[in-house]
Amino acid sequence: MTTASNPLDYKALFESLPGLYLVLDPDLRILAVSDAYTGATMTRREDILGKGLFEVFPDNPGDPAAGGVRNLEASLRRVLRDRTADAMPVQRYDIPRPGGRGGPFEERYWSPYNAPVLAADGTVAFIIHRVEDVTDFVRIKQQGVEQGRLDEELRDDALRIRAEIFARASEVAAASARIKQANEDITRLYARTLELDRLKTDFFANISHELRTPVTLILGSLARRMKAADLPDGERHDLEVMERNARLLYRHVGDLLDLARLEARQMELRCSPADLAHLTRVAASHFDSLARDRGIRFAVKAPPHLPARLDVAKVQRVLLNLLSNAFKFTPAGGSVELGLHAAGDRAVLQVQDSGPGTHAAPRDAAFDRSRQGDGGVDRRFGDTGLDLAIVKEFAGLHGGTVTLNNAPSGAALVTVSLPLAAAGTHDHPTPADLDPQLGRRALEELQTGPTRAIPPDPRPGAGTGTGTGADAGAGPDAPLVLVVEDNPDMRDFLSSSLGRRHRVATACNSQEGLRKARELGPDLILCDLMMPRLGGDQLVAGLRGDPGTRDVPIVVLTARADEDTRVRLIRQGVQEYLLKPFSEDELLARVNGLISRQHQTMAEVRSLNNELKRRVAELERETAEREQAEEALRKAEQRFRLLVQNSSDIITALDPDGTVLYQSPSIERILGYRPEDRIGRNILLDPIVHPEDIARKRAFLDEARQRPNVTVAAEFRLRRSDGEWRTIEALGRNLIADPSVGAIIANYRDITDRKQAEERALQSERLAAIGQMIAGIAHESRNALQRAQATLEMLALEVGDHPRARDMIGRQQRALDDLNRVHREIRDYAAPIGLEARPCELPAIWRLAWDDLKPMWAARRVEFREHIAGNLPTCPLDFDRMVQVFRNLLENALAACRDPVEIDLRCTLGELKGQPAVCVSVQDNGPGLGAGDAKKVFEPFYTTRTNGTGLGLAIVRRIVEAHGGQISLGDRPDAPGAVFVITLPLPAP
């Protein structure tokens, strides 16, 4: 009993479990281990906790065939992917010995089982890895020790392990095939991924390098032009916008080039002595003015001095990127805190902000290259997503780490750990200078982003999006254009360009733009696609969903040139899709054209309004009639759908090439396949069609294609999902020319039972005919045979020892024996099969049949081999009838083979129609059966021998089927001879 003062110690309970358990996280790191597991694997808990599973337990390097890591990892990946438990077969997985135990690895065998522990959102939070050490059992089995010599404990373990192995056999067989295919796919995809990664790295390195030259020339030309003292204010403003955005572009290009160098492993450390505390305060000083402008509380906590050896330029980039990222996500009135302290031989930098914090899912993604934590058309900030990626890479070059978590207050907390004495490729004894340009570049993006304080625009009607009016060149009746753009420079440029001929209203985000569109009723809306909080596509959806703005022309500006987005927006109602960069003339031409067309359209709408009102009455009448017709059509379609979905036949729609377009749900009941899995398959290449019937099915499809609106028919065999062949009657009709159908409609009906019934009826007629024949001649033939036998015996007494006479009498006796055998076979075939079933041992039956044939094989070179898999249960059989079955099969094998004769009899457990069964195959090394013989071998009166009635195998099949079993010819492609397979049902457990 537990109390508040004495709670359960779950950690102690887990570690004391008698079983061998590990707890793994989704990255396959060891989180917990039971004492029994450490004992079995010769490890210590403190040595393996927190490490990767395969780091602790690698494959044995001395075993080239070792596959323990591969198999176990595949099982664990299946658990993560499918979120279901996965049982594995017994695995050989050697474990490393600790020092002094006689060698590096010890051979061990395990029975593993992996199960997921799901979180509240359905994802895999942990994996329970349970194993059982079966090494002793496997070694005893390898040494051939009999079951009777096992002690009681090992006997119990062996029985339990056998039961587990048997229960998992079907799972492992399917899983092995999937693993093999998956490994091949992974190998191929991995090689392709490496090649694509290399090409991507080369591309970014080349394009970034090439972009630096033109950007440098642009910046140089702008700087030279801006030095002129006589520049007009308007031109100086434009040049400042150009320079600011060119520097931002230069920074992005530099980030791309740095990452390309990192991926190509061309980035080197240039370490020198530095005061990390001083470096931290200098980097923070660049953000003081920005913090004051936004009302952000900015605090720096660092020791007076912290000597270190590191790459000053890269650490400066790390600090600036961390602070830039923090200020980017911190709202006005929030707080940012930068901390630095020493922890042993490492320095720890921490940046905490009061922004929205992070979610668990995107934390690792925040450090991915070229990936934003809030990417998409509705992203909050317009950066490249490289800041934290560069932080991670530069910290890694120093041998440091970066983590992103939530602080206790819920805000984001980035922690960077760096060694105080980093080792670089090129070390310098003197301190390196700080780059003053880095701080300026870090602030440029923040100052041009949506949070920059924007000075008022002196033009009437322009500004930050709060006013409307006309430019000096636009009259009060000029069309009103609403500009929705989050970038202040771009917003100013658009307002200036449009203001000469239009009234302009502005909004800095989609929410404000939607509100102003409803309030002002503009003649045209010009909006960016990628904006904070609400993307341009969502703005378009809001405008088109509002009756007041549904018809306002929209022009979308974007730098994303993907065709899918353009088509999607046009479908939503966007009139123009203008790619950045664009010319001012093109912008004005498209805006003017749209407004003119909109005004013309409105005039036409007004002129048509009266005509529309006049036709309302007529349209209402037509609408009522159409609705009645549509309702009738809907009901007819519903009836048809119900008929198709509930049809006992398989309804199939095919295109002219034979590809399946639709199959009704009845295919799952008849053939065991899901309809959705059949869509897209070609019936001429379908593996479920019997190979001998492919030509017949092709002729069926050809005839249907060539004879429109004519019903064609065919019969062929299809294989069920369980392997059983079913005979199908197909009726097809070409309705491709009908636009409402456009397909070949085929009706598949399963006529297997009918065909079998017809076959049984035909068989019954044959039996009846044979019975009538036998009834007519039985008396005469039997009396005649008896008289002939008696006469022959009397003649033998009279001739005495005369050699020639005795020889003739012997020949006559053999002829009479043949006649008696023929008479007996005909009688057995014609007579009904009556069974006297009782529990029998199958080996006893075939061994008795083999002994009965001893006169046939005693003087020959014959090898009869038995192969029995496992312990066979008793079967309810008619002993004498089954002796007759095996005697016939073994006699045929002896008659077909020349010396030396080899007969293999194999007996295994299997299934028959989903139920337990026993399978017995009889193989010989004779000449085998031809294709024609194989089809007819079980038919009555058919024989490949020069003597005999041809009823032996027909009688065998009747006896086996009377037991509820099956007999068939097996495949033996790798050797000559024939194989007969008997499958008999076992009693239900």
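Guide: Start at S495, which is buried at 4% relative accessibility. Buried means under 20% relative accessible area, exposed means over 50%, and partly exposed lies in between, with a 1.4 Å probe and protein chains only. This is a predicted model, in which local features need pLDDT of at least 70 and side-chain atom pairs count only at pLDDT 80 or more, while totals for chains, interfaces and linings use all residues. Residues are numbered from 1 along each chain as its sequence is written, and side-chain values use heavy atoms, with hydrogens and water left out.

S495 belongs to helix α14, residues 488–498. Helices here are DSSP runs of H or I with at least four residues, strands are runs of E with at least two, and both are numbered from the N terminus. A polar atom of the S495 side chain sits 2.9 Å from the backbone oxygen of R491. An α-helix has 3.6 residues a turn, so residues three or four places apart point the same way.

Move on to H502, in the loop between α14 and β17 (503–507). H502 is buried too, with a relative accessible area of 3%. The side chains of H502 and N592 are joined by a polar contact of 2.9 Å. Such a contact is a pair of N or O atoms within 3.5 Å; within protein, one must be able to donate a hydrogen and the other to accept it, and residues adjacent in sequence count only if both atoms are side-chain atoms.

Two other loops follow. A407 lies between β14 (401–406) and β15 (412–419). A407 is buried at 6% relative accessibility. From A407 to S354 the C-alpha distance is 9.3 Å, across 53 residues of sequence. P303 lies in the loop between β10 (297–301) and β11 (307–310). P303 is partly exposed, with a relative accessible area of 24%. Its C-alpha is 8.9 Å from that of A342, which is 39 residues apart along the chain.

Next, the cavities. The structure holds 5 of 30 Å³ or more. On a 1 Å grid over the protein atoms alone, a cavity is a set of points where a 1.4 Å probe fits but cannot get out, and lining residues have an atom within 4 Å of a point. Grid points are joined across faces, edges and corners, and a volume is the space filled by probe spheres set on the points.

The largest cavity has a volume of about 170 Å³. Its lining counts 14 residues, with Y37, L72, Y93, W110 and H129 nearest the centre. Elements giving two or more residues to this lining are α2 (35–41), α5 (68–82), β7 (109–118) and β8 (124–133). The lining has 10 nonpolar, 4 polar and no charged residues. Ala, Val, Leu, Ile, Met, Phe, Trp, Tyr, Cys and Pro count as nonpolar; Asp, Glu, Lys and Arg count as charged; the others, Gly among them, are polar.

The second largest cavity holds about 50 Å³ of space. Among its lining residues are R678, D686, K697 and Y748. Two elements, β22 (660–663) and α20 (666–671), each give two or more residues to that lining. Its classes are 7 nonpolar, 1 polar and 3 charged.

Within β25, Y748 is the bridge partner of A730. Strands β24 (725–735) and β25 (743–750) run antiparallel, joined by 8 bridges. Pairing requires at least two DSSP bridges between the strands. β23 (711–719) also pairs with β24 in the antiparallel sense, over 9 bridges. There A714 has A730 as its bridge partner. The β23–β24 hairpin has 5 residues between its strands, and G723 takes a positive phi near 95°.

α27, residues 879–896, has 18 residues. Its span from first C-alpha to last is 26 Å, close to the 26 Å expected at 1.5 Å a residue. That expectation is 1.5 Å times one less than the number of residues. At the start of α27, a side-chain oxygen of D878 comes within 3.3 Å of the backbone nitrogen of D880. Buried residues of α27 include F879, R881, F886, N888 and L894.

α29 (952–962) is mostly covered, with 8 of its 11 residues buried. Among them are G952, L953, R958 and V960. Just after α29, G964 takes a positive phi of about 85°.

Notes. 1 Å grid on protein atoms, 1.4 Å probe; cavity = no way out; pocket = protein on both sides within 12 Å on 5 of 7 lines; lining within 4 Å.
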